[in-house]
2 protein chains.
Amino acid sequence: MDTVLRSQSKTVVIGAGQPFCIIGERINPTGRKVFQAQLQKGDLQQIEIDVAEQLAGGADVLDVNVGDPLADEVGLMGQAIPLVQGLTDLPLCIDSSIIEALEAGLAAYEGKALVNSVTGEDERLQTILPIVARYGAAVIGLANDDEIRMEPKERLEIARKIVSAAGDFGIPPEDVVIDPLAMPIGAQPLAVTSFIATLELLREELGVNTTCGASNTSFAMPSRHALGATFLAIAQSHGLTSAIMDARSLQCVDAVRASDLLLGRDEWGATWIRRYREQKAAAAAS
Amino acid sequence: MDTVLRSQSKTVVIGAGQPFCIIGERINPTGRKVFQAQLQKGDLQQIEIDVAEQLAGGADVLDVNVGDPLADEVGLMGQAIPLVQGLTDLPLCIDSSIIEALEAGLAAYEGKALVNSVTGEDERLQTILPIVARYGAAVIGLANDDEIRMEPKERLEIARKIVSAAGDFGIPPEDVVIDPLAMPIGAQPLAVTSFIATLELLREELGVNTTCGASNTSFAMPSRHALGATFLAIAQSHGLTSAIMDARSLQCVDAVRASDLLLGRDEWGATWIRRYREQKAAAAAS
């Protein structure tokens with residue numbers, strides 16, 4: 001099942017037979033005090049740097065989140081989307097917990113966006129899915145409702161509910177990308193085994209594409225890049241088809257592209273070898 | 001099923017519920033001209049450096065191979081084993097294609113060794129297994145016979161034959177560690193998917209422990225450490241319980257220990273955090 005995203009001029013396909021889709025997560029003020037203060041003043045200039053860094057790192061799609069409780073998020077999203085589309089032709093993932101901000105982003109977006117996100121809660125499904133349908137977008141469905149479930153079968157049932165509700169609004173299953181919930185391994189020893197089991201259930205039962213906030217796994221642990229890279233390799237080999245991740249992490253992007261090669265999505269290593277040559281050329285030039 | 005290896009004073013257990021077992025591969029003249037020339041002169045002094053480096057990198061077991069067509073391999077193995085046992089208390093893996101060298105190594109070894117290796121060929125089974133049984137050792141069984149099979153079910157059947165033949169000589173299944181054959185991804189695009197499928201069959205059908213020559217996968221490709229690390233993470237998550245690998249590769253050892261944490265074999269990350277602190281202390285001291 002292929003999820004097709006589009007910008008003005010570029011198409012990106014998420015699917016089990018495709019190279020893994022890296023959704024660059026950096027355009028997000030979480031944990032960034034300077035960026036938060038800028039957003040509160042309506043200043044979006046940081047975005048240019050963030051876009052350039054995610055592009056250089058090899059992102060396939062960019063997540064755009066301008067949420068700050070003290071900022072005019074709806075207005076900012078309406079400005080940020082055309083700003084980013086002027087800087088890159090990558091498709092975008094419009095990321096907000098505020099429905100009006102999602103709508104402002106979709107109204108401003110040219111192409112077929114990914115919306116981040118809806119949960120399995122009825123009220124969220126009933127308000128967000130009609131907007132996703134109206135703009136012909138795809139949507140990330142988080143496999144939780146009003147609580148976090150650890151049991152893979154419960155997560156599967158929430159995913160099934162989201163796919164079904166999406167269908168009621170005319171959104172096909174290939175336009176629902178399920179997030180099985182990547183949680184911190186330091187807080188929950190079953191975080192990854194439960195994640196893997198959910199991935200396998202989703203693949204077998206629903207066949208949908210999947211994503212996650214990959215850096216959550218290593219939260220509060222040392223050597224986060226090594227841990228994140230290992231998580232991405234494992235998750236991809238058990239069926240994960242995309243991740244929201246920081247494309248600035250060479251180790252994490254390497255793990256994704258190495259997994260593409262090892263799992264048969266980069267035959268003869270054409271991309272792997274090109275990446276190596278580009279890295280070598282960049283190192284020689286610096 | 002647990003494979004228990006022992007030196008004079010130390011026990012190492014290979015098993016699905018255990019941290020991954022790193023079998024340090026460096027004591028091996030393959031591709032090392034200087035070491036080859038030394039072995040031809042009966043000079044074993046390089047081994048002291050190799051042992052120290054594999055220990056520093058975090059090996060759990062050391063593979064010892066002194067094979068060179070122009071050297072007295074049988075005599076060298078008889079000397080190398082006590083030499084290595086004088087340098088470390090890690091259990092050893094006695095590695096040779098020459099039966100007399102395996103026997104010389106086993107005769108000199110104190111503890112319960114791992115023998116590397118036997119294939120599914122009748123003549124090899126009938127000559128090597130009696131020696132393994134006589135010394136109460138464990139043995140690596142390569143899932144090939146006179147040819148390399150790509151079909152996972154064929155590899156499984158060869159593994160089944162090895163486990164059965166071992167049983168005929170009184171060697172229990174827990175003392176047979178199957179190598180599903182890690183082949184270069186640059187030469188065979190199905191190398192890793194076939195490897196994973198074989199691992200899963202071995203786990204389900206035989207329940208035996210598994211190992212492989214992990215660096216084979218990245219042979220002739222650029223960025224070998226990143227590729228090897230990704231391979232190890234993927235393989236471990238699909239059931240691989242040990243690997244013959246170069247413990248000097250920080251990236252590969254990190255991938256193994258990160259997988260331990262993510263897959264629930266290092267609860268709360270005690271080993272992961274200790275490793276990080278040791279690395280930080282070592283960096284500060286240098």
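User: In which loop of chain B is Ser223(B) found?
Analyst: This is a predicted model, in which local features need pLDDT of at least 70, side-chain atom pairs count only at pLDDT 80 or more, and totals for chains, interfaces and linings use all residues. Residues are numbered from 1 along each chain as its sequence is written, chains are lettered from A and ligands numbered from 1 in the order written, and side-chain values use heavy atoms, leaving out hydrogens and water. Helices (H or I, at least four residues) and strands (E, at least two) are DSSP runs, numbered from the N terminus. Ser223(B) sits in the loop between strand 9 and helix 8 (224-237) of chain B.

User: What is the phi of Ser223(B)?
Analyst: Most residues other than glycine have a negative phi. Ser223(B) is not a glycine, yet its phi is positive, at about 50°.

User: Is Ser223(B) buried or partly exposed?
Analyst: Buried means under 20% relative accessible area, exposed over 50%, partly exposed in between (1.4 Å probe, protein chains only). Ser223(B) has 24% relative accessibility, so it counts as partly exposed.

User: Which residue does a cis peptide bond join to Asn116(B)?
Analyst: Most peptide bonds are trans. Here omega is about 10°, and the bond is cis. Asn116(B) is joined to Ser117(B).

User: Which strands of chain B are the edge strands?
Analyst: Two strands pair if DSSP finds at least two bridges between them. Eight strands of chain B form an open sheet with parallel pairing, in the order 9-8-7-6-5-4-3-10. The edge strands, each pairing on one side only, are strand 9 (209-210) and strand 10 (242-245).

User: What area do chain A and chain B bury between them?
Analyst: Buried area is the accessible area (1.4 Å probe) that two parts lose on being put together, summed over both. In contact (heavy atoms within 4.5 Å) are 34 residues of chain A and 34 residues of chain B. Carbon and sulfur atoms carry 77% of the buried area, which is about 2900 Å².

User: How many salt bridges are there between chain A and chain B?
Analyst: A salt bridge is a side-chain nitrogen of Lys or Arg within 4 Å of a carboxyl oxygen of Asp or Glu. Between chain A and chain B the count is zero.

User: Is Gln236(A) buried or exposed?
Analyst: Gln236(A) lies in helix 8 (residues 224-237) of chain A. Beyond four places away in sequence, Gln236(A) touches residues including Phe20(A), Val256(A) and Leu263(A). Its relative accessibility is 1%, so Gln236(A) counts as buried.
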